[in-house]
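Subject: Structure handover

Hello,

Here is the structure I promised to pass on. Please open it alongside this email, as the notes below go residue by residue.

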Amino acid sequence: METTTLAIGLLADEKPEVIYDLYNGQGTFLYNHNIKEVSVIKEQEGGITITTDDDENATGKMFQYDSVRVEYPKTADNIFSTLLTAKYPAKTESKLINEYQSAVLGLLDEDYKKPYEDFLKDRLAIRSMIDADAETYDIPTDL
């Protein structure tokens, strides 16, 4: 049973904690990342629309962020593998690699290289973000 969940574009009135313990007795926690303050328009019906900072209709500020559920252990390597797998399931990564290699061999157009190159760049950015958070929150790389 797959328990890893990734939620993108969540909104909160208060800045979320980067590491949020779920206190479920199993060491599960949320890794909240890509946290940024955004201007919003809150409608009377309860709807919320993200807008630009210079929008005169903006009614306030909120925090937008992404969140992934991570199972024990609380290590940078575990957070990294959980987030990477949530964003890029094994089938997706395998498809990107196969298409890249086919393009290298000339079996597919050169355009098929770019998605895998973009994946590698995103992978490096994710690792860098997690390593910085691990240092800030005193999380070991591995157990």
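Below is what turned up, taken by topic.

One caution: this is a predicted model.

**Aromatic pairs**

Start with Tyr-100 and Tyr-116. Their ring centres are 5.3 Å apart and their planes meet at 50°, so this pair is tilted. Tyr-100 belongs to helix α2 (residues 90-104) and Tyr-116 to helix α3 (residues 114-136), so the pair ties together parts 16 residues apart in sequence.

Are these two tyrosines buried or partly exposed? Tyr-100 is partly exposed, at 24% relative accessible area. Tyr-116 has 15% relative accessibility and counts as buried, because the cut-off for buried is under 20%.

Tyr-116 also pairs with Phe-119. This pair is stacked, with 5.7 Å between centres and 25° between planes. Tyr-116 and Phe-119 are three residues apart in helix α3, so about one helical turn separates them. Phe-119 is buried, at 1% relative accessibility.

Put together, Tyr-88, Tyr-100, Tyr-116 and Phe-119 make up one aromatic cluster.

**Charges over rings**

Two spots to look at here. Lys-74 lies over the face of Phe-29, 5.3 Å from the ring centre. Arg-127 lies over the face of Phe-80, and there the distance to the ring centre is 4.8 Å.

**The nonpolar core**

The largest nonpolar core has 19 residues. Which of them touch the most other members? They are Ile-19, Tyr-31, Ile-79 and Ile-130. Two or more core residues come from each of β3 (29-42), β5 (60-70), α1 (76-87) and α3.

Ile-79 is worth a click. Setting aside neighbours within four places in sequence, Ile-79 contacts Ile-19, Phe-29, Tyr-31, Val-70, Ile-130 and Ile-139.

**Helix α1**

Helix α1 has 12 residues. Its first and last C-alpha atoms are 16 Å apart, close to the 16 Å expected at 1.5 Å a residue. The buried residues of α1 are Ala-76, Asn-78, Ile-79, Phe-80, Thr-82, Leu-83 and Leu-84. What covers them? The cover includes β1 (6-12), β2 (19-21), β3, β5 and α3.

**Helix α3**

Helix α3 has 23 residues, which should span 33 Å at 1.5 Å a residue. The end C-alpha atoms of α3 are 33 Å apart, which agrees. Its buried residues are Tyr-116, Phe-119, Asp-122, Ile-126, Ile-130, Asp-133 and Ala-134. Cover for these buried residues includes β3, α1 and α2. Just after α3, Asp-138 takes a positive phi of about 55°.

**Ser-67**

Last, a polar residue. Ser-67 sits in strand β5. Its relative accessibility is 7%, so Ser-67 counts as buried. Which side chain does the side chain of Ser-67 meet in a polar contact? That of Asn-32, at 2.6 Å. Leaving out neighbours within four places in sequence, the contacts of Ser-67 are Thr-5, Leu-6, Ala-7, Leu-10, Leu-30, Tyr-31, Asn-32 and His-33.

Best wishes

Conventions
Residues numbered from 1 in each chain as written. Predicted model: local features only at pLDDT ≥ 70, side-chain atom pairs only at ≥ 80, totals over all residues. Heavy atoms only, no water. Phe/Tyr/Trp six-rings, centres within 6.5 Å; stacked < 30°, edge-to-face > 60°. Helix = DSSP H or I, 4+ residues; strand = E, 2+ residues; numbered from the N terminus. Buried < 20%, exposed > 50% of the residue type's maximum accessible area, 1.4 Å probe, protein only. Lys NZ or Arg CZ within 6 Å of the ring centre and 35° of its normal. Core = buried A, V, L, I, M, F, W, Y, C linked by side-chain atoms within 4.5 Å. Contact = heavy atoms within 4.5 Å. Expected span 1.5 Å × (residues − 1). Polar contact = N/O pair within 3.5 Å; in protein donor to acceptor, adjacent residues only side chain to side chain.
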